[in-house]
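Please take a look at the chain below, and then we can walk through it together.

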Amino acid sequence: MRVSIVVPVHNEVDNIIALIDEIVKAMSSAKAYEIIYVDDGSTDETAAVLKQAMRSIKALRVLRHQRSCGQSAAIHTGVKAAVYPYIATLDGDGQNDPADISRLYEVLTQQSQPQTPLWMVAGWRNKRYDSAWRLFSSKVANAVRSRLLGDDTPDTGCGLKVFLRDKFLELPYFDHMHRFLPALILRAGGLVISEPVAHRSRANGQSKYGTLDRLWAGIIDLLGVIWLQKRAKLTEVQEIDRE
């Protein structure tokens, strides 16, 4: 495995150390990896705890937004800074299990072929531990998005994904883009596979990127992605040999 693990966080001080320890344990057999935490303008002790963790964990890198710019911006910052060709993303609240990274990585690397350009393996939380309202709103959002975009992805909201760094950076960037990655990848000519992953109850705190965030993404950005799909053109390029 040669993977950069990107974890966006905003005011997650109580979940940082436990999750980092889990990531390090899950990556014990990896050939090369790094952990990139992106502190999205936290106002609690997140920055201090991360700085302390860097002293004992050599694989840990920390980037910080001076002000909160949102989850998509934090992910984009981390991916740009990554040194490895494969990216794994995790939510910083500890609800994703880092042990699933290696399995998704294997699916991506083993099933990707020139004739089947697999760019991403997306986590699918088919058994979730969230509030009834969060489950309901997510189910409705996924159904509407899938119907309108045709992305054939049951759970775009899962923070656990493994994908190709270079392909991600070719995608159009905008706020909330992380919720539309499967549709954007399909638009660009890539493929996406969804794989069931573990999901856990949040141990500490509450969601920092909440329902209103998803609501506006569902109303405004969905229209923008539909427009992008309609304006896309996939080209087949052939270089002419010299005679």
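How many aromatic pairs does a search of the whole structure find? The search finds three aromatic pairs, where rings of Phe, Tyr and Trp (its six-membered ring) pair if their centres lie within 6.5 Å. This is a predicted model, in which local features need pLDDT of at least 70 and side-chain atom pairs count only at pLDDT 80 or more, while totals for chains, interfaces and linings use all residues. Residues are numbered from 1 along each chain as its sequence is written, and side-chain values use heavy atoms, with hydrogens and water left out.

**Aromatic pairs**

- A pair of aromatic rings is described by the distance of the centres and the angle of the planes. Planes under 30 degrees apart count as stacked, over 60 as edge-to-face and the rest as tilted.
- One of the pairs is Tyr-86 with Tyr-105: the ring centres are 5.1 Å apart and the planes stand at 70°, so this pair is edge-to-face. It links distant parts of the chain, with Tyr-86 in strand β4 and Tyr-105 in helix α4 (residues 101-111), 19 residues apart.
- Tyr-105 is buried at 11% relative accessibility. Here buried means under 20% relative accessible area, exposed over 50%, and partly exposed in between (1.4 Å probe, protein chains only).
- Phe-163 and Phe-168 also have ring centres 5.1 Å apart, but their planes lie at 25°, so the pair is stacked. Phe-163 is buried at 2% relative accessibility, and Phe-168 is buried at 5%.

**The chain as a whole**

- The protein chain has eight helices and seven strands. Helices (H or I, at least four residues) and strands (E, at least two) are DSSP runs, numbered from the N terminus.
- Of the 243 residues in the protein chain, 47% are buried.
- The accessible surface of the protein chain is about 12900 Å², and carbon and sulfur atoms account for 53% of it. These areas come from the Shrake-Rupley method with a 1.4 Å probe; for residues, only the protein chains shown count as cover.
- Among contacts (heavy atoms within 4.5 Å) with a separation of 6 or more, 80% are between residues 24 or more positions apart.

- In helix α1 (residues 16-26), Ile-16, Leu-19, Ile-20 and Ile-23 are buried. Seen down the axis, these buried residues fall within an arc of 100°, so they line one face of the helix; the arc is that of the directions from the helix axis to the C-beta atoms.
- The buried residues of α1 pack against β1 (2-9), β2 (32-40), α2 (46-54) and β3 (60-65).
- Helix α3 (residues 71-81) is mostly covered, with eight of its 11 residues buried. Among them are Gln-71, His-76 and Val-79.
- The partners of the buried α3 residues are β1, β2, β3, β4 (86-89), β6 (161-164) and α6 (165-170).

**Strand β4**

- From β4, Tyr-86 and Ala-88 point one way and Ile-87 and Thr-89 the other way, and all are buried.
- Strands pair if DSSP finds at least two bridges between them. β4 pairs with β1 in the parallel sense over four bridges, and Ala-88 is the bridge partner of Ile-5.
- β4 and β6 run antiparallel and are joined by four bridges. Val-162 in β6 is the bridge partner of Ala-88.

**Cysteines**

- The structure holds zero disulfides, a disulfide being a pair of cysteine sulfur atoms within 2.5 Å.
- Cys-69 is partly exposed at 33% relative accessible area, whereas Cys-158 is buried at 0%.
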